[in-house]
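Reader: I am new to reading protein models, and I would like to take a close look at a single part of this one. Could you guide me through it slowly?

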Amino acid sequence: MNIGIIGTGKIVNEMIPVVQEISGITIQAICSRPQSLSKAERLAALFHIKEVYNDYDAMLRNSDIDFVYVAVANHAHADYARRALLAKKNVIIEKPICSSVAELEELMQLASADNLYIFEAVTLLHMPHYRLIKDELLAQLGRIKLIVCNYSQRSSRYDLYLNHQLTPAFDTACHGGALMDINVYNINFVVSLFGEPTGVEYHPNLGHNQIDTSGVAILTYPDFVATCIGAKDCDGHSFGAIQGDEGRIVVTGPVSTLSGLELFKDGKSQTINIQPKKHRLAFEFEHFRDIYHAHKVDEMKHYLQISHQVMKVINQLRDNTLFNK
């Protein structure tokens, strides 16, 4: 995999050194908007990236690049991914994959027409602890009754927001906010394990520009309810819990990292930690590499279907509550 990056934000700074340590992946180039060229040049110099662009179409013409990592503001994900697919490049798109189901379905059609790969960078789905929950631990809980996921972390940009200095993280035009950022992990956790809910509600705390700085998403299933809490305006005890009538699983930390698990059953508790100690981003990029190199198209489509389901749920939450009240 030879990757060209579009974007120079915080996640790119975090991603580059992690991915450079993964065999079978090369970061070939980085591209920025003209006004951010100095950031791209700094990253290229720091991490010895061969090529720097401020013209996205020029980077897409580079025949050495077979994947584009899309790490721009949420509202621009679909456009940059579309252009990459039209240039016959595979794409890895930061979460949320798009802003609407319609955008995602267009990308899926483009990829299918040219046998291209689309991956959404949702860390938790590629972690050993996630597979353990899905394949082994859920069956020990009996009938599921309640799920709670809380990911609350005061944003480093929140003080700027309070001073009416908008950044993409709190800009409605950029499709920022808690639901489209931090709560994406919680919703992925629930929907990937249990499928689409039968009903949804969103109860946001709205800021001065009507962005959801925090909020509670309630996903209703035939036999249980899942509560997903996401906050960018305050810190909280981040955790996940799946409660059944015969036991429960507790994720000791945000579900985005799944760093530790506890199983409670028959009056006993068991601490589980089988996950290798490495950066959370390494799990997903290693998995993307393996799927691509082994031509596991069906596995790619499996994860893309999860992205589609999650996007449907997020659209329902946004359309039914956040922007209509």
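Author: The model is a predicted one, and in it the protein is divided into domain 1, covering 2-118, and domain 2, covering 124-275. Taken over C-alpha atoms, the centres of domain 1 and domain 2 are separated by 27 Å, and the contact takes eight residues from domain 1 and 10 residues from domain 2. The size of an interface is often given as the accessible area lost when the parts come together. Between domain 1 and domain 2 the buried area is about 740 Å², and carbon and sulfur atoms give 57% of that area. On the side of domain 1, Asn74, His75 and Lys95 supply 57% of the area that this domain buries against domain 2, which is more than any other three residues. Lys95 also forms a salt bridge with Asp181, where the closest N and O atoms are 2.4 Å apart, and the count between domain 1 and domain 2 is one salt bridge.

The axes of helix α4 (residues 77-86) and helix α5 (residues 101-113) come within 10 Å and cross at roughly 10°, and because angles under 35 degrees count as roughly parallel, α4 is roughly parallel to α5. Ala78, Ala81, Arg82, Leu85 and Leu86 make the contact from α4, while Glu103, Glu106, Leu107, Leu110 and Ala111 make it from α5. Sorted by class, this contact of α4 with α5 has seven nonpolar, three charged and no polar residues.

How values were computed: Residues are numbered from 1 along each chain as its sequence is written. This is a predicted model: local features need pLDDT of at least 70, side-chain atom pairs count only at pLDDT 80 or more; totals for chains, interfaces and linings use all residues. Side-chain values use heavy atoms; hydrogens and water are left out. Axes are lines fitted to C-alpha atoms, for helices over the stretch in contact, and angles run from 0 to 180 degrees between N-to-C directions. Helices (H or I, at least four residues) and strands (E, at least two) are DSSP runs, numbered from the N terminus. Angles under 35 degrees count as roughly parallel, over 145 as roughly antiparallel, 65 to 115 as roughly perpendicular and the rest as oblique. Contact means heavy atoms within 4.5 Å. Ala, Val, Leu, Ile, Met, Phe, Trp, Tyr, Cys and Pro count as nonpolar, Asp, Glu, Lys and Arg as charged, and the others, Gly among them, as polar. Domain bounds come from an automatic or database domain assignment. Buried area is the accessible area (1.4 Å probe) that two parts lose on being put together, summed over both. A salt bridge is a side-chain nitrogen of Lys or Arg within 4 Å of a carboxyl oxygen of Asp or Glu.
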